[in-house]
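Visitor: I would like to go through this model and ask what stands behind the terms used for it. Please show it.

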Amino acid sequence: MIQGTAQRVDVVIVTAIPLEYAAVLKVDAGAVPGSEWREDRQANGVAMAYRAFEVPKGRPLQVAVAVAPDMATAAALSTLIPLIEKLEPRCIAMCGVCAGRPGKVQLGDVIAAERLYYHDTGKQTREEGKPEKLEQDLRTFNLRPDWKVALERMNAADHFRGQDWLETRPMTTEWRVRRALWAIERGAPEPRREVPFKLHAAPMASGNKVIEDEKIWDRLAAYERETLGLDMEAAAVGAVAHYLHHKRLDAIVMKGVMDFANVGRDDHFKEFAARASAECLIWFLRDHVETPSSAGFDDVLSPGTWKLPQGDAPPSKLLQARFGVVPWHDAGRAELLAELDAWADDVSLPVAAWLLHAEGGVGKTRLAIEWVRRRRERHDIAGFLELRPPSDWLDQLIGHRRPVIMAIDDAESRGDLADRLREVAQLAGSKHRVRVLLLARNDGDWWQSLLTQAPELEPMLTHKPPRRLAPLASKAPDRQKVLEAAVRAFAKHWKLASTPVPNIDLADPLYARVLYLHMAALLAVEAARQASPIRGAPAKLESSAVLPAVLDHEERAWRDPSAKPTDWEGTRKLARQLMVAATLRGGLHDEEEARRVVARLQRREPTDSEEQVLVALRRLYQHPDPNASYLPALEPDLLGEGMVLRLVQERATINEDDWIERTVAADSSELTITTAFTVLGRTSVADRAGARPWITRLLRKDLSQRATLALRAAKVVGTSTVHAVVGDVLAEELEHAGTLAIARAYEKEGIPRPAVSLARVAEWQSRTMLEGASAAGSDDATTLADGARWLSQHGADLSALGQREAALATTQEAVSLYRALAEQSPEAFRPALAGSLNSLGRMQRAMKQHNAALTTTEDAVRCYRALAEQSPEAFLPALASSLNNLGNRLCALGWETALATTQEAVELYRALAERSPEVFLPALTTSLSNLGKMQRAMEQHEAALATTLEAVRLYRALADRSPEAFLPALAGNLTNLGRLLQQLGRGAEGDDAMREAEALKARVEELQRS
């Protein structure tokens, strides 16, 4: 934590010495999964730590612990009061060590202060010949009555039985002798423990001196006859709560007995007593300090974590981020978390959304869980947005008048995403502060479609451009640390003393995904646990063997130890089919649905043994979330998709197998069918041939209804040609049986353009819509405009497919039609004419019709210039773009004209980038790069150097945020810079730039390989 960071907490615990503070930091029981104590040294030097603990009801309990700079009341007060003002707790507490009353308590017991008082306040008198006498002015600070009753009911011995820390309780000489005598009398082995651990609720006294005088207990009994504890600071806690009564603070003190205030005492119980008091205190606080849920908060946002159930868990659960078995690794994410915090804390920005994307297994969900946890500790309204929130969900969240932070996982698959974002966007002019963190596998077709279909969301969505989440660890030494931490975590889970770290090639691109490192660690620990070698890795575990080996372990978790070996193969086959069905369907949502799927898979009513397979899987995979499916999809997603791939390959040899149609039947919901298309599309990355028949059969079942669902899935899956199976199959089926109704539905649904995976679908749609417009046979303005629009779009779609001549002819026809329309209604059709001219100019240039391209682009510039004079906000960006295009066209006719045009484009983009840097910096940087090349060609070396340096500086900033998008351009501009510097006689600087360019090119190749 950054030094001095302030946050609100529920409880502040103060300790008097570092040993007591360290004891609190060892308390792990009940902590929020995946959390750790986070230390923070305050500006005044006070050491502090924070952690969140689970409670029976409500949000997690936020606890802060501090250590005072010295013992005694003054130090405790000087530490506690500033923290109350800063952290605004509901409760203040103290734990540590104290002296206990002999004969009433045992060493190591814990005393909870039912009353607190100072034993050395009042009037000191002395009569001649008599000892000094204290006339006590006794004031007690009493514990809440209901808390006293609760303490008296707590059985610490039963609660902590078997815990490791309790087993460290030292044995006194008296106990050892008594234990030995007991064994001799009974002729039996010595018992391990004789004196039970006990929590006492009784008065505790405080004073300003360390006392070694057993007679003190007689004097204390005169004030409070039931006093059992004595220390130097505890009463300060009660006094603070009393005197700051306007803050309505609860207060409690628990201290472990380390001695009896006797002469010659030693400290061998001190460490245990401190730990025992800390464990008891946090146990009590978790159950009795109320952390009521904000109204509607927990119904709308969840922390994203689940508690791992008791018993053996399958590998899939141990690997899920939500169970937090492997602790958070801050080293690779600290800077991004700080950036997220700065974004969230920007008070000048009411609402904003930010997309973080990466392939499966990189750690998106785990990052969001950690950020949400930290923001909850600061008392923000933070969490993961549930799938089906109530209709007034946003009103419930903003009603608390605190910052709202919501994470939306698998954002690309959320059918309600645009609607939810629209609701948030309506708060743009308010005083509310809302942040939406979107998590997805890519920023491809689905993202472009969202921006196209909901342009009103663009300001909120593009304030920060999408960020590709970098690997948690990119270098081998960092990956080694992640791997070792995961090995320790899994070994701890299974209570193994030590486990060898697996021998893997950490430079392998697959290990850039942290999930693969965790899977390799899990396999190593599992091998040590079973005392067996890792399958497929006698010497070195290859990355390609990791996922199959984990899936083997997953399938072994299905096995019933009591079942006959002969029954196992049938059980495994059915269990695999059920888990694949659940994954394809997005879960089997209730028992009825699950039994129906079993019957379809078996083509008959299931037998008792087959139903028992379903029950066993339900028991194994049931989520702690009560709203989860009866049998959820296999997670993490990579495991689920790997299991689907297994079944795809297993059934590939079965001709005309209708398995997928039985699994995703005709009565399935739209969401279920879309999920099936999406999962199969992702699975096809590894096996195109295997997945393709299933996608085809799903689509042919009802093309009129499922064509739109397949389009949604294709947008989710991605843009790369390797992911294009859903788009390819969809295009083939549309050519065979597509209708105008489907094409019109696609207009509403939105096809992102350009999109490699959907290029054929896009061309089919624009062609079909164009045919529909032509068939109308009307020459009214509306019909003609519709025809022009689809002519222009079809030209662009043909161009995307590489059909240049057909694209050129179609676009020329569109331009002619728009010219005629613009003559009749200039205001209505001039923008469309300008756009079609821009497109035509690009096509003519691609066909090497340079003169025609120049004339067309000049025409486009004239149109945009006239439009920008009337509506600069709307058309200046298009004018700048067309000027940039014109500058490139003019290069063939002479540099001077091209230079002036490109300089105008640069100035326009510079002004636009000042107002909207996130949107226009990339275009400004590109135009600067073009300008630098032109200045160099004209031998304006100094001007070219200044321009290229600016381009390099901007490309560096862009590449820091999106390396894959901007590193190639940065490398190219560094090469240009190097050559310029060499021409100017600055050879050493030029060589440095060229070397950096080569290093960046190598990095680009590495990114492309991974």
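Visitor: How many helices and strands are there in the protein chain?
Guide: This predicted model has 40 helices and 18 strands in the protein chain. Its C-alpha atoms fill a box of roughly 120 × 75 × 55 Å along the principal axes.

Visitor: Why does Gln320 count as buried?
Guide: Buried means under 20% relative accessible area. Gln320 has 9% relative accessibility, so Gln320 counts as buried. Of the 1010 residues of the protein chain, 54% count as buried.

Visitor: Where is Gln320 placed, and which residues is Gln320 in contact with, leaving aside neighbours within four places in sequence?
Guide: Gln320 is in the loop between helix H10 (315-319) and helix H11 (334-345). With those neighbours left aside, its contacts are Trp306, His623, Glu635 and Pro636. Contact means heavy atoms within 4.5 Å.

Visitor: What makes strand E13 and strand E18 edge strands?
Guide: The open sheet has six strands in the order E13-E15-E16-E17-E14-E18, with mixed pairing. Strand E13 (301-302) and strand E18 (467-468) each pair on one side only, and these are the edge strands.

Visitor: How do you know that strand E15 pairs with strand E16?
Guide: Two strands pair if DSSP finds at least two bridges between them. Four bridges join strand E15 (residues 381-385) to strand E16 (residues 404-408), so the two strands pair, and they run parallel. Ala382 stands opposite Ile405 in E16.

Visitor: How far apart are the mean positions of the positive and negative charges?
Guide: The mean positions of the 128 positive and 139 negative charges of the protein chain are 2 Å apart.

Notes:
Residues are numbered from 1 along each chain as its sequence is written. This is a predicted model: local features need pLDDT of at least 70, side-chain atom pairs count only at pLDDT 80 or more; totals for chains, interfaces and linings use all residues. Side-chain values use heavy atoms; hydrogens and water are left out. Buried means under 20% relative accessible area, exposed over 50%, partly exposed in between (1.4 Å probe, protein chains only). Lys and Arg count as positive and Asp and Glu as negative; His and the chain ends are not counted. The place of a charge is taken as NZ of Lys, CZ of Arg, CG of Asp or CD of Glu.
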